[in-house]
Amino acid sequence: MTAAYNQPNLFHQSHKTKRMFTVEQIKSAHSLVQSGADFPNFIQTIKQLGVTHYETYVADGHIDYHGTNAYSVTVPAKYEPMSIKDIPQIEVFKSELIAHQQGKTNFLTFIQMCANTGIEKWAICMDQMTCIYFDKAGNEVLVEKIPE
């Protein structure tokens, strides 16, 4: 009876472990992203790892990834802190975002553009497949559907 009792616990533990992702797995998936055109594939990859949502902070590039059962990991800052403009320039941001999504700019160029147009962070929700951009005041600037 003890063995039968332990098996569901072992299954539960292995299932739980499978849903735990690491910073290394996230970085590996992100290393394949060369431009905004690669972003949908990155989202599918990390969704399969168990990421439910995440926030990317423009000021220093750190990213907080979240999974089930309050699990989270943080990818540390990627570059020297930069200042974010106080007043968002929404139309300029939208125009530059389109160029980035078409593969016309690299990630660091995109980040600098976000800072210059007042974007503080973006949040990705895997369930809704949305990307929401926020200004420094925490206001939603743009909500986009992520291609699946």
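Predicted model: local features only at pLDDT ≥ 70, side-chain atom pairs only at ≥ 80, totals over all residues.
**Entry 1: helix H5**

I started at the N-terminal end of H5, which Asn106 caps: a side-chain oxygen of Asn106 sits 3.3 Å from the backbone nitrogen of Leu108. I count this as a polar contact, meaning a pair of N or O atoms within 3.5 Å; within protein, one must be able to donate a hydrogen and the other to accept it, and residues adjacent in sequence count only if both atoms are side-chain atoms. Helices here are DSSP runs of H or I with at least four residues, strands are runs of E with at least two, and both are numbered from the N terminus.

Residues are numbered from 1 along each chain as its sequence is written, and side-chain values use heavy atoms, with hydrogens and water left out.

Which residues of H5 are buried? I found Phe110, Ile111, Met113, Cys114 and Ala115 in helix H5 (residues 107–116). Buried means under 20% relative accessible area, exposed means over 50%, and partly exposed is in between (1.4 Å probe, protein chains only). The buried residues of H5 pack against H4, S4 and S5. Gly118 follows H5 and has a positive phi, near 85 degrees.

**Entry 2: the whole chain**

I stepped back and listed five helices and six strands in the protein chain. Along the sequence they read α-α-α-β-β-β-α-α-β-β-β. Of the 148 residues, 37% are buried. The accessible surface comes to about 8,800 Å², and carbon and sulfur atoms own 54% of that surface. The areas come from the Shrake-Rupley method with a 1.4 Å probe; for residues, only the protein chains shown count as cover.

I also looked at contacts, meaning heavy atoms within 4.5 Å. Among those between residues at least 6 apart in sequence, 47% join residues at least 24 apart.

Is S4 mostly covered or mostly open? Mostly covered: four of the five residues in strand S4 (residues 121–125) are buried. Two strands pair if DSSP finds at least two bridges between them. S4 pairs with strand S1 (residues 53–57) in the antiparallel sense over five bridges, and here His53 has Cys125 as its bridge partner in S4.

S4 is also joined to strand S5 (residues 130–134) by five bridges, again antiparallel. On this side, Lys121 is partnered by Phe134 in S5. S4 and S5 make a hairpin with four residues between them, and Met129 in the turn has a positive phi of about 50 degrees.

**Entry 3: salt bridges**

How many salt bridges are there? I get two, taking a side-chain nitrogen of Lys or Arg within 4 Å of a carboxyl oxygen of Asp or Glu.

One joins the side chains of Asp86 and Lys136 at 2.7 Å, N to O. Asp86 lies in the loop between S3 and H4 and Lys136 in the loop between S5 and strand S6 (140–145), so the pair ties together parts that are 50 residues apart in sequence. Asp86 is exposed at 57% relative accessibility, while Lys136 is partly exposed at 38%.

Glu91 and Lys94 also meet, at 3.9 Å, N to O. Both lie in helix H4, three residues apart, about one turn of the helix. An α-helix has 3.6 residues a turn, so residues three or four places apart point the same way. Glu91 is exposed with a relative accessible area of 57%, and Lys94 is partly exposed at 30%.

**Entry 4: Asp135**

I then checked Asp135, in the loop between S5 and S6. Asp135 is buried yet has no salt bridge, and the nearest side chain of opposite charge, Lys136, is 9.8 Å away. For charge, Lys and Arg count as positive and Asp and Glu as negative; His and the chain ends are not counted.

What does the side chain of Asp135 reach? I found the backbone nitrogen of Ala137 at 3.0 Å and the backbone nitrogen of Asn139 at 2.8 Å. Leaving aside neighbours within four places in sequence, Asp135 is in contact with Pro88, Gly118, Glu120 and Val141. Gly118 is the residue I noted after H5.

**Entry 5: Lys78**

Last, I looked up Lys78, in the loop between strand S3 (72–75) and helix H4 (90–101). Lys78 is partly exposed, with a relative accessible area of 39%. Beyond four places in sequence, Lys78 is in contact with His30, Asp60, Gly61 and Ile63.
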